[in-house]
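I opened the model to look up its nonpolar packing and its backbone angles. My entries follow.

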Amino acid sequence: MSELKQGLLECQQICDKYESTIGGFAQGGLYVQFCDEVINMAFLIAVCDENVTAAEINLINNTFDKMVNYEMLIRRYGDDCLSDDSFLQKVPKSVQLIARAEKADILRETNYLSDAWRLYQFMEQFGNVLINCSGARLKYAIKLMEFFLNGMKEYIYEVEARSGVEELPKIKEQRLEDKMTLFARSEEPFIKEINQVLKEIDELVGLVNVKKEIHDMVNLLIVQKIRAQKGYKTANISRHMVFTGNPGTGKTTIARKMSDIFKYLDILEKGHLVEADRSMLVSPDMGQTAINVRKMAEEAMGGVLFIDEAYSLASTNEGDYGQEAIDTLLKIMEDERERLVVIVAGYNDLMEQFLDSNPGLRSRFSKFIQFVDYSEIELYEIFALYCKKQDYILAEGTQPVILDKIRNMKEINMQHFANARTMRNYFEKVISNQANRMIEEYGLSEDENALITIMVSDL
């Protein structure tokens, strides 16, 4: 058993020991509270560099036998990241309760609260492992953890120093040094809108690396905007982007969010998104393709032109005018770079062929973002989200069945599996099954439970 696992087991035994004395917790509830507070600490320390790594998430999952990802953590603890009343400014409730219970239970000469200190030591141990697990000890992460541990340490010392339990100390109100980013502190009106878009992106399932790329890009664009406002020189950065990945991995969704961000930053006047594909750009008639491309570009002017399956434009077939579409698009991207952003998307390997189809094409794009396939757990979360949005609830026992269905769908349609799109189709099939079952079992009954519940048989 690892040191962390052994330490956690000892903490569980301590929590179980005091649970009935403290009261107010279901069986095992005090230990659950403690684990939640350790994970809360870990997430806030991990996220302080705005990049929660896979190693940090794996450490949490392996230690606590969880199956969480970044999105679950951000939903659970994310609102606390920049809070004026952050968890890191407090003493964990579980530590407070056990310190008080242990103080009341002491019948020996020493006042040393060994159980409370063991909880403290585990939090310190876990925090240090977390800070080191990504290979870089960040000074700010260390400072955050020290601040948090010092508050806990002072509290335990004060409980020990009291002669009785009638006057236990209140937690001192302490404030962390302001850790808000430059753009979060700014009073510029556009910041509120951008933060809202970023929040919507962060709440999407999966896409951890994509979110990091978007945050990095937005930070750069905001700083460039502020530099310009102050009269400093700014770099001439291309804003055209390449999105690579399989269908249903969120490329169009992120393109829409980026169009909003460009609008709020005054980079684009309208900030709308126009979708195009080969059928809308390439014509079988000589000379018509260039006209089609210019027409679509004009429609998108002041916003984003999003070309899905852009690789299909690169064709070497005789009589095919796909290359003409690429050449025309390349000139527009250069001439209208202040008024138009072009985002091209498609499969990884095929997009390489597209970028090599014209010597100057690759250099026109400043950002290359890969959209990886969703994991089985993430696909389940997407399915559950569809249910929630449409006012359905999943009955007990449905999760393992849905996960099995997802595995089967991926195995059967390995080359054509469309990720979130497949989940949408599956959801529609499930609610159709649910409707059929309900009519058969209840007729036209208006039983609300039946109306909203998805059972295992519906899957």
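I began with Phe34 and listed its contacts (heavy atoms within 4.5 Å), leaving out residues up to four places away in sequence: Leu8, Cys11, Cys15, Ser94, Leu119, Phe122 and Met123.

For the record, this is a predicted model, in which local features need pLDDT of at least 70 and side-chain atom pairs count only at pLDDT 80 or more, while totals for chains, interfaces and linings use all residues. Residues are numbered from 1 along each chain as its sequence is written, and side-chain values use heavy atoms, with hydrogens and water left out.

I then looked up the nonpolar cores, meaning sets of buried Ala, Val, Leu, Ile, Met, Phe, Trp, Tyr and Cys residues joined through side-chain atoms within 4.5 Å. Buried is under 20% relative accessible area, exposed over 50%, and partly exposed in between (1.4 Å probe, protein chains only). The largest core has 56 residues, and Phe34, Met41, Phe43, Phe64, Phe122 and Phe126 touch the most other members. Helix 2 (29–46) is among the helices that each supply at least two residues, and helix 2 gives the most, with twelve. I took helices (H or I, at least four residues) and strands (E, at least two) as DSSP runs numbered from the N terminus. Apart from this core lies another of 54 residues, including Val210 and Tyr386.

Last, I checked phi. Most residues other than glycine have a negative phi. Asp65 has a positive phi of about 55 degrees; it sits in the loop between helix 3 and helix 4 and is exposed at 63% relative accessible area. Asp391 has a positive phi near 65 degrees, lies in the loop between helix 16 and strand 6, and is exposed at 61%.
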